[in-house]
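Trainee: I have a protein chain open on my screen and would like to go through it. Could we begin with the overall layout?

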Amino acid sequence: MPRRSPLTRAAALAALVVAPLAACAPTIGATPAEDAADPACAPVMLALPDTLAGDLPQRDTNAQATTAWGDPGAAVTLRCGITPPGPSPDCQRVESPAGAVDWIVVAGDDGTWRFTTYGREPAVEVLVPPSVTADHSTSFVGDLAQAVSNVPATAHCS
C-alpha cells in the first residue's frame, strides 16, 4: 500500500470535516418574485455580498432570484424580479461608496422594513424583519448598491 504524504492526509481529513458542516447550513424559504426568471436578475444575484451588516451570513434559499442573510425566521431577504413601483413620496436615495440607489422605503405595521428599488426594471425588494433592526441599522442596504446597480437606472427619486 502506498504511503500518503502528510499533506494528502490533511486534505482528506479536511474534506471529511467540511462536507458534513456544509450540509448543516439552513435553507431559508422564500417566494420568488413575478419576474424572477428575468435574465437581468442573474448579474444582481452573482454580485451580492456574502455578509450583511458585518455579521449576517448569506444563506441559501429555495426560490429563484432570492437570497437571505441571517437566521431562518429572522433573516433579511432579497428578491429580484419585482414589478417596478411607480413614483412615491417614500422614495429615498441611498449613497454608498459603490454608488447611489433610489429605494422606496416603507415600514410595515409589524415593524418589517421593505426597500424596493425605484427606477430599475426589474426591481429588487429587500425585507428587513424587526428581529434584525433590533440589533442593526438598515443602512446596510447601501452595501447592496454594487449588485443592484447591475440593473441600470432609468428614473430617479424626485
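**Fold, disulfides and core**

Mentor: From the N terminus on, the elements of the protein chain follow the order α-β-α-β-β-β-β-β-β-β-β-α-α. Please keep in mind that this is a predicted model.

Trainee: How many helices and strands are there in the protein chain?

Mentor: The protein chain has four helices and nine strands.

Trainee: And what share of the residues is buried?

Mentor: Of the 158 residues in the protein chain, 37% are buried. The accessible surface of the chain is about 8900 Å², and 56% of that surface belongs to carbon and sulfur atoms.

Trainee: Changing topic: how many disulfides does a search of the whole structure find?

Mentor: The search finds two disulfides. A disulfide is a covalent bond between the sulfur atoms of two cysteines. One of them joins C41 to C80, with an S to S distance of 2.2 Å. Since C41 lies in helix α2 and C80 in strand β5, this pair ties together parts that are 39 residues apart in sequence.

Trainee: Are C41 and C80 buried or exposed?

Mentor: C41 is buried, with a relative accessible area of 2%. C80 is also buried, and its relative accessible area is 0%.

Trainee: Which hand does that disulfide have, and why?

Mentor: The torsion about the S-S bond of C41 and C80 is about -85°, so the disulfide is left-handed.

Trainee: What does C91 pair with?

Mentor: C91 is joined to C157, with an S to S distance of 1.8 Å. This pair links distant parts of the chain, as C91 is in strand β6 and C157 is in the segment after α4, 66 residues apart. The link of C91 and C157 is left-handed, with -70° about the S-S bond.

Trainee: Now the nonpolar core. Which residues touch the most other members of the largest one?

Mentor: They are W69, V76, W103 and V126, in a core of 27 residues. Elements that each supply at least two residues of this core include α2, β5, β7, β9 and α4. In soluble globular proteins, nonpolar side chains tend to be buried together.

Trainee: What is W69 in contact with, leaving aside its neighbours within four places in sequence?

Mentor: The contacts of W69 beyond those neighbours include L48, P49, L56, V76, L78 and L144. D50, T51 and Q58 are also among them.

Note on methods. Residues numbered from 1 in each chain as written. Predicted model: local features only at pLDDT ≥ 70, side-chain atom pairs only at ≥ 80, totals over all residues. Heavy atoms only, no water. Core = buried A, V, L, I, M, F, W, Y, C linked by side-chain atoms within 4.5 Å. Buried < 20%, exposed > 50% of the residue type's maximum accessible area, 1.4 Å probe, protein only. Contact = heavy atoms within 4.5 Å. Areas by Shrake-Rupley, 256 points an atom, 1.4 Å probe, with all protein chains shown as cover. Disulfide = S-S within 2.5 Å.
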